[in-house]
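Biologist: I'd like to learn how to read a model like this one. Could you take me through it feature by feature?

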Amino acid sequence: MRVVVHKARCQGHARCWARAPRVFKLDDAGYILPGDIDVADGEQLLASKGVRACPEQALEVDEPPLTQL
Ligand code: SF4
């Protein structure tokens, strides 16, 4: 599972980090760091909750196509 980060939309609410601090890394001002995130197997549920918690739609789950599973 991969999370696409739309950094320009981030408003620094830190809600993603509150749900999954090991997945979502923030800078000193509370904004998400740029770059897509490869989520480890054990972190997928928390990562999904973090994505849904973002009020700015700055995070997006990028699932692999079914043919690659
Ligand atoms: S919840 Fe959304 S707006 Fe808030 S820090 Fe995370 S990505 Fe940024």
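Modeller: Let's begin with the core: a nonpolar core is a set of buried Ala, Val, Leu, Ile, Met, Phe, Trp, Tyr and Cys residues joined through side-chain atoms within 4.5 Å. Buried means under 20% relative accessible area, exposed over 50%, and partly exposed in between, using a 1.4 Å probe and protein chains only. Before the case itself, a word on the source: this is a predicted model, where local features need pLDDT of at least 70, side-chain atom pairs count only at pLDDT 80 or more, and totals for chains, interfaces and linings use all residues. Residues are numbered from 1 along each chain as its sequence is written, and side-chain values use heavy atoms, with hydrogens and water left out.

Biologist: Which residues touch the most other members of the largest nonpolar core?

Modeller: Val-3, Val-23, Phe-24, Ile-32, Ile-37, Val-39 and Leu-59 do, out of 16 residues in that core. Strand 1 (2-5) and helix 2 (44-53) each supply at least two of the core's residues. Helices (H or I, at least four residues) and strands (E, at least two) are DSSP runs, numbered from the N terminus.

Biologist: On to the ligand: where does the ligand sit?

Modeller: In the largest cavity. On a 1 Å grid over the protein atoms alone, a cavity is a set of points where a 1.4 Å probe fits but cannot get out. A molecule sits in one if more than half of its atoms lie within 2 Å of its grid points.

Biologist: Which residues surround the ligand?

Modeller: A residue is near a molecule if one of its heavy atoms lies within 4 Å of it. Here the list is Cys-10, Gln-11, Gly-12, His-13, Ala-14, Arg-15, Cys-16, Gly-30, Cys-54, Glu-56, Ala-58 and Leu-59. They split into 6 nonpolar, 4 polar and 2 charged, where Ala, Val, Leu, Ile, Met, Phe, Trp, Tyr, Cys and Pro count as nonpolar, Asp, Glu, Lys and Arg as charged, and the others, Gly among them, as polar.

Biologist: Is Gln-11 buried, exposed or partly exposed?

Modeller: Gln-11 counts as partly exposed because its relative accessibility is 43%. Gln-11 lies in the loop between strand 1 and helix 1, and contacts Tyr-31 and Glu-56 once neighbours within four places are left out.

Biologist: What about backbone angles: what is phi of Ala-14?

Modeller: Near 65°, a positive value in a residue other than glycine. Ala-14 sits in the loop between strand 1 and helix 1 (15-19). Gln-57 also has a positive phi, near 50°, and lies in the loop between helix 2 and strand 3 (59-62). Gln-57 counts as exposed because its relative accessible area is 53%.

Technical notes
1 Å grid on protein atoms, 1.4 Å probe; cavity = no way out; pocket = protein on both sides within 12 Å on 5 of 7 lines; lining within 4 Å. Contact = heavy atoms within 4.5 Å.
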